[in-house]
Amino acid sequence: MLCACKATVGYGCAAIMCSRMTTVSANGSRGQADMTKQRQMHLALFWLGTGNHSAGWRMPDANFSNSEWSFVEAGAQLAERGKFDLFFVGDAVAMQLDLHPSFITRFEPTTLLAGLSRVTSKIGLGATVSTSFSEPYNVARTFSSIDRMSNGRAAWNVVTSTMDASALNFGGDRLKDHDLRYEIAEEFVDVVRGLWDTWDDGALVADRQRGIFVDPNKVRDLDHQGRFYSVKGALNIERCPQGHPIIIQAGGSESGQELSARIADVVFSPINGDLESAKAKYENLKARLPKYGRERHELAILPGIMPMIADSAEQAREELAQLQEWLKANDQTVRSVLTKRLGRDVSSYDLDAPIPELPPTNLGQSFAQTLLDRARREHMTFRDLYNVAAAARGHWAVCGTATQVADILEEWFVAGAGDGFMILPAHFPRSLEVFVERVVPELQRRGLFRLDYSGTTLRDHLGLKRPPPKVRAGASPRH
């Protein structure tokens, strides 16, 4: 049996727990003939140029630019070389000095995707755009354009935003209430998808002889009149290669789970290292799909993992310990970071006492709850939790050799805790290079990951059908 080491991040060091993994034969073979019939995992890369670990940029071999074009370009091309399904760029519309370094300087993400569409050819390209600070028509048009520029590889990560600081940049003083934000998001996404369907395939005929550029019977207004939005339509760009660009979602609250079950193609799921908890969350979300007329394979759930890979597990733990050592902070910084990550004011709590029950939050709930669940399971103090939250925004750090990390991914995948993984390298480019050069070939050898792309669109990579245009009630033809 192999013993794969999972790192539980403590203050300035890594406390290690061992878990029993799947049996490997003496020559390392898992019987590829038997593996070819099983499902294969999806892999997405979460790009933060400063590194997903908050201190990743301090590593001697790290390039830490979050707004240098050539660096991002090389990162996307490296992920494509590793046959990743998706290159994913998060976003926030507020500059925060005391959170992750990526909050200080970053590209506007849809502009970045447009550029990446010209220097990659297969990998999906996803970006975050908030429904709280955007308009449906602009979002529908933007992602249709990116899908056309990339020949069918665009993905929109639907978020409602989680920081009150964002509202200050858009004429408000705080975010709307959590449930209201999701009600707005529900209608927002419906309008965007409706706009994507205002064109039929083949509507642009460009008939020189008859002088007809567009078949008016194949283009229609949306005529949406809702609680939050009034949108006439039609969209002023023809139907895109995927029909609908892929929709990503990460909400973990009840309303977020329902939105994911109804509209998401991919869910970025936070995990805290507890397999049984992850399996329960996976099944809970998959079980919601039938009431929306959807099948299990139509939604890919990707837990987030920060892999620390070295020639030995001890070396991987030492690297994580060094990163953790750089996170040491004064009490004011600890309180500030936790207040923002948890969405609760922790300024009055004893940082070295066990974490008590905290009041509900109006801000992001999914990641906060994942952090709190782990803190209680491992009997953490607030100071302990700071070191987890500041490390990779609370995502699970996994330490080991390439084989041991592959073992963990296989165990979780086969156990039904995910359909693949969102990989969050601690720093760039080396952490990503090591994963592509060592872990990906190991997963391929086991028959768990593709040897090459079998299609050209992101829908192809995810095994999803291209949706036909759906004519919404009230839509009127253009004549």
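Author: A residue is called buried when its relative accessible area is under 20%, exposed when it is over 50%, and partly exposed in between, with a 1.4 Å probe and with protein chains only taken into account. Helices are DSSP runs of H or I with at least four residues, strands are runs of E with at least two, and both are numbered from the N terminus. The structure above is a predicted model, in which local features need pLDDT of at least 70 and side-chain atom pairs count only at pLDDT 80 or more, whereas totals for chains, interfaces and linings use all residues. Residues are numbered from 1 along each chain as its sequence is written, and side-chain values use heavy atoms, with hydrogens and water left out.

Reader: Which residues of H7 are buried?

Author: In H7 the buried residues are Gly-256, Gln-257, Glu-258, Leu-259, Ser-260, Ala-261 and Ile-263. Because 7 of the 10 residues of this helix, which covers residues 254–263, are buried, H7 is largely enclosed by the rest of the structure. Its buried residues pack against helix H6 (178–196), strand S12 (246–249), strand S13 (266–269) and helix H8 (275–286).

Reader: How many helices and strands does the protein have, and what percentage of its residues is buried?

Author: There are 15 helices and 17 strands, and buried residues make up 57% of the 479 residues in the protein.

Reader: How should I read the two sides of a strand, and which way do the residues of S3 point?

Author: In a regular strand the side chains alternate between the two faces of the sheet. In S3, His-42, Ala-44 and Phe-46 point one way, Leu-43, Leu-45 and Trp-47 point the other way, and all are buried.

Reader: With which strands does S3 pair?

Author: Two strands pair if DSSP finds at least two bridges between them. S3 is joined by 4 bridges to the parallel strand S16 (residues 420–423), where Ala-44 stands opposite Met-422. S3 also pairs in the parallel sense with S4 (residues 86–89), over 4 bridges, and here Leu-45 stands opposite Phe-87.

Reader: Where is Ser-54, and is it buried or exposed?

Author: Ser-54 is in the loop between strand S3 (42–47) and helix H2 (69–81), and with a relative accessible area of 11% it is buried. A contact means heavy atoms within 4.5 Å. Neighbours within four places in sequence aside, Ser-54 is in contact with His-100, Pro-101, Leu-327, Ala-390 and Ala-391.

Reader: What is the relative accessibility of Met-149, and which residues is it in contact with?

Author: Met-149, in helix H4 (residues 136–149), counts as partly exposed because its relative accessibility is 33%. Leaving out neighbours within four places in sequence, Met-149 is in contact with Ala-114, Ser-117 and Arg-118.
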